[in-house]
Amino acid sequence: LGRASEIKRGDAIARVMRGSLLCTTPKVVHFVFQDGSLLTAHPDFVPVWYGGDVEGQPGSQVRLEILLGALLAEVRLSGFSRPCSSQGLRLTPARSARQCLDEILAGIAAPAPAAKCVAAAEGGGDSGAGESRSFVVRFDSVLELAESGCLLRFDAPAAAGGRPVVRRDAAASQRSAVGRALVVLGGVMDMEEEQKEAVKEACRCFGIPHRLLSLGRRSELTSKCIKAMEAADNIGILSPALDRCQAVHWQPLGENTLTDAELERRAPFHLIYMSTKVALADFASSPEAANLYVDTYLRSKKALRNTAMTIIGADGLALALREDCGMALKEREGLAWLRHKAATSAEELTLAQVLAAWCQRLRTRGPPASGAAVASTRAGPLVLFADDGAGPRRLLVPPPPPSPTATSAADVPVVVVFAPGERPEVVRRAAEQAGVPREAYAHADVGGLVTGPAFLGMLHTEGLLAATLRSTIAAA
């Protein structure tokens, strides 16, 4: 993230804050900058960012940068000698990555004396030396995201009768193999080796197990990784995935052996957002629209291929986007482009018409690269109504394919419909009018609009979403 005194990547900070602070169970989020500064945001910052009498559009990157700038000005006035706090934000001047970790893990502003460091017992946890501590460790484990770490398998374990077991309650994550965990990952860029060593040393010092986790073989944006884990936790499949890693002793996934062509391979994907309350022009001007666009089209350093996105406003106007514009990573530029497209390219379309047009587009496009993809495309796409009011209807992720290059379900086109507040029968009827058969239609909770699109997009990029929808449909 560079130097805290510059705040060059306010767009990345904003996306990560949304994923952590606006999810179903808001989390505190810490930013450790390259110069050793520490920025901490608490959930009570949200009313300031999204409300109150502050310059800038509520929830926008602009408003966030104004608030961060005011906090940074206070730190400057102190001569960079002390931390400053304001309305849910705290900025601690530059020290070192290790000192930042000590404060995050145990609330201490200086490195713990070597005599009080607790040697990590094999298997993790407290080694019994807690009585000599002058601090309290806040976490039971540290989970560092790395592509070569233990693969998080989100398929639900089966009970004796073969039915998947899904746990979903507020205490589920506390009962998992990791307990209260701190998730660590690189922001904008991968963590530097010095930062990784600081994490390892801090974990050794405080006796906290340090584990490496992988969300898949494709690199993703930091914010999307956070949102994917939040969505999985919200629908009850993160805790069993962590238990699986514990059962296999956190066996690493190993180095990525996929070719560039295999990494880029992706079946067609279409995300449709339908608002029942906001007109198209108003939504296209909101930070939520820019955030949804990034979650749909972008991953780390790349735009996703074979991807479409349609926004349908409450006024009946629809904006269909067929490819990445190449400028939407920064919120200002992305919103300016979306506003322009909404003003110049919108047309009156119903959800049924949008679905029918995309199905027709799939039938008439050029032949895909593989025979499996040809057959799947002719059969039509699978459609998911992602509904956070779906109650017990939850995604059932199947086991991963035997090899990362396995085909079949990985080549099936998928349409995901988010329509907050809309009745399920309305979406179901639109799918029927578009010619989508009942056996190709799923209705499930995916964790909401803030985190759900990122999670579903990552499942699709890894070739798991179509198989997940088939499992969900079969279970229903």
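Me: Which strand pairs with strand E14 (residues 382-386), and in what sense?
Reply: Strand E14 pairs with strand E15 (residues 414-418) in the parallel sense, over five bridges. Strands are DSSP runs of E with at least two residues, helices are runs of H or I with at least four, and both are numbered from the N terminus. Two strands pair if DSSP finds at least two bridges between them.

Me: What is the bridge partner of Phe385 in E15?
Reply: The partner of Phe385 is Val417.

Me: Which strands does helix H14 (residues 424-433) touch?
Reply: Helix H14 packs on the sheet and touches E14, E15 and E16, where contact means heavy atoms within 4.5 Å. The direction of H14 makes about 165 degrees with that of E16; axes are lines fitted to C-alpha atoms, for helices over the stretch in contact, and angles run from 0 to 180 degrees between N-to-C directions.

Me: What kind of model is this, and how are residues numbered?
Reply: This is a predicted model, in which local features need pLDDT of at least 70, side-chain atom pairs count only at pLDDT 80 or more, and totals for chains, interfaces and linings use all residues. Residues are numbered from 1 along each chain as its sequence is written, and side-chain values use heavy atoms, with hydrogens and water left out.

Me: Changing topic, why is helix H4 (residues 97-106) largely enclosed?
Reply: Nine of its ten residues are buried, so the rest of the structure largely encloses H4. Buried means under 20% relative accessible area, with a 1.4 Å probe and protein chains only.

Me: What covers those buried residues of H4?
Reply: The cover includes strand E5 (141-151) and helix H5 (193-206).

Me: And which residue follows H4?
Reply: Gly107 follows H4, and its phi is positive, near 70 degrees.

Notes: Buried means under 20% relative accessible area, exposed over 50%, partly exposed in between (1.4 Å probe, protein chains only).
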